[in-house]
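Please keep the sequence and the structure in view while reading.

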Amino acid sequence: MSYVGSSSPGPASPPKLASVVARRIEDDVLDRALPVGAVVGSEAELLDRFGVSRAVLREAVRIVEHGGLARMRRGPGGGLVVAEPRRSAVATAISVWFSFVGVTIDEILEAKVPLSTGACRLAAERIGESGIERLRSRLAELEARSSLRPSDVTGLDRLIAGLSRNRAVALFADALGDIGLSRVAMPRADGDAADQLAGYRGVVDAIVAGDAGAAQARMRAVLDTTRARVQDRPQRVPRASTEPDGDGGKLGERVAAALRDDIEAARWPVGEILGSEAELIGRYGVSRAVLREAVRILEHHGALRTKRGPGGGLVVAEPDGAAVVRSAQIALEFGGVASSDLFEARDILEVATVALAAERCTPETAETLQRGLEAERAGKNAAVTFHDLHHMIAEAAGNRPLMLFIDVLAAITLSHVRPARRTAEAVAAISDDANRAHASILAAVTAGDASLARRRMARHLDAASVALS
């Protein structure tokens, strides 16, 4: 799949050996359900197991560490140790990719609508007494303040997403919150702030009352107001902040944020050298240890790489969208995401996305989608590959955050397909059903019928949840 630019996915290039080894390590940890702290193997053991050079293994380990599933521990008793992927780290990796490809504020707000309103519906249906107490306490704390900080509203959105009890919804909400959108969406006057909190008061009251419809409608009204406020200001690519509120935190994290600001201000000049280590130490006024900590953070998220030797220094890198998808997949699978969570999140996001695709469909888009449908039909293996067409529909919608989230969910869905569903007979039956459903969905999309496209996508996902689980 292609994440940089707007073209349809091209043929995949053969993966590097290090990437293959990394994938085998990750699959081994997930398949064996190894707990945090378990040693996957020492470097010597891993070299013997995979039969590769030390250089290849170490590159594979860096890929695994980037995904957050394990880290190399040095010294006696060391080796590759299972770690718990941090949701915040995955969200930051997603936001770095958003920044690199130039995701706009409008795209972020557009993606927030189905995600936030869907989270409100689920929270209203599932919230318990402790959740009610947390939600009301948080809102009361904000209402008592004389002014709002940039992270306040983002924190409330994240709390609501967490109360949805859907791991995927919560992860994606974190990713959107980590963009730092609140810096440009904050009210400009105390009266505006009071109005915004009043809007959230209505959302909270509806959630507490268990009124899912009202919670969704009130959240949509809050987001509509936010969108109007943003559209009244100069547009710019959202800042992908290491620290969403920009306050406090480790010095290394603050330097990482400053480095990333410089990269974003220069519009991601991939391949250019930001400066030597000595130059950057002087520029940011920090020690070598602090700078190296900041560099490790950005290398982890694919924003920088270090070039050794004469004329070397810190080089701007190109974040890998496929690696971001894999990182999010690992975090969700390690956390034990259920198939029901996946299809619930897909229903929230894909039904909204197919409507956008219908509203924005052009003759060229319609032709591309039709070719995709014909290729799927000719492939005779849509049970495995039919998610490609979902990706193409998301591309047609023109919203890259939604496209990324849908790709993450599709990748995990395939890993949850039961073995009994993978027989030749089952594959053929699912392929035929999926292709017929896709044909009906695309007919609505190419006709510009958003409401019918929504209905058909919802029915398709409902049927797929049964067929693939």
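Predicted model: local features only at pLDDT ≥ 70, side-chain atom pairs only at ≥ 80, totals over all residues.

Residues are numbered from 1 along each chain as its sequence is written, and side-chain values use heavy atoms, with hydrogens and water left out.

R326 belongs to helix α15, which spans residues 321–334; helices (H or I, at least four residues) and strands (E, at least two) are DSSP runs numbered from the N terminus. When residues up to four places away in sequence are set aside, R326 touches R23, E26 and D27, where contact means heavy atoms within 4.5 Å. With D27, the side chain of R326 also makes a polar contact of 3.1 Å (a pair of N or O atoms within 3.5 Å; within protein, one must be able to donate a hydrogen and the other to accept it, and residues adjacent in sequence count only if both atoms are side-chain atoms).

Q329 is in helix α15 as well, and it counts as buried because its relative accessibility is 6%. Apart from neighbours within four places in sequence, Q329 is in contact with V408, A411, I412 and S415, and its C-alpha atom is separated by 9.7 Å from that of T413, which is 84 residues apart from Q329 along the chain.

## Aromatic pairs

Across the whole structure, a search finds four aromatic pairs; rings of Phe, Tyr and Trp (its six-membered ring) pair if their centres lie within 6.5 Å, and planes under 30 degrees apart count as stacked, over 60 as edge-to-face and the rest as tilted. One of them is the edge-to-face pair of F100 and W268, at 5.5 Å centre to centre with 85 degrees between the planes. This pair links distant parts of the chain, 168 residues apart, with F100 in helix α4 (residues 87–101) and W268 in the loop between α12 (251–265) and β4 (273–275). Both F100 and W268 are buried.

F172 and F405 form a stacked pair, 4.2 Å centre to centre with 10 degrees between the planes. Because F172 lies in helix α8 (residues 167–177) and F405 in helix α20 (residues 400–415), this pair ties together parts that are 233 residues apart in sequence. F172 is buried at 0% relative accessibility, and F405 is buried at 1%. Ring pairs also link W97, F98, F172 and F405 into a cluster.

Strand β2 (residues 70–73) has a covered face with A70 and M72, and an uncovered face with R71 and R73. Strands β2 and β3 (residues 79–82) run antiparallel and are joined by four bridges, where pairing requires that DSSP finds at least two bridges. A70 stands opposite V82 in β3. Five residues lie between the strands of this hairpin, in which G75 takes a positive phi near 90 degrees.

## Nonpolar cores

The largest nonpolar core has 107 residues, and those with the most contacts inside it include F98, F172 and I207; such a core is a set of buried Ala, Val, Leu, Ile, Met, Phe, Trp, Tyr and Cys residues joined through side-chain atoms within 4.5 Å. Helix α16 (residues 339–360) contributes the largest share of this core, ten residues. A second, separate core of 24 residues includes A18, L30, V64 and A70.

Terms used: Buried < 20%, exposed > 50% of the residue type's maximum accessible area, 1.4 Å probe, protein only.
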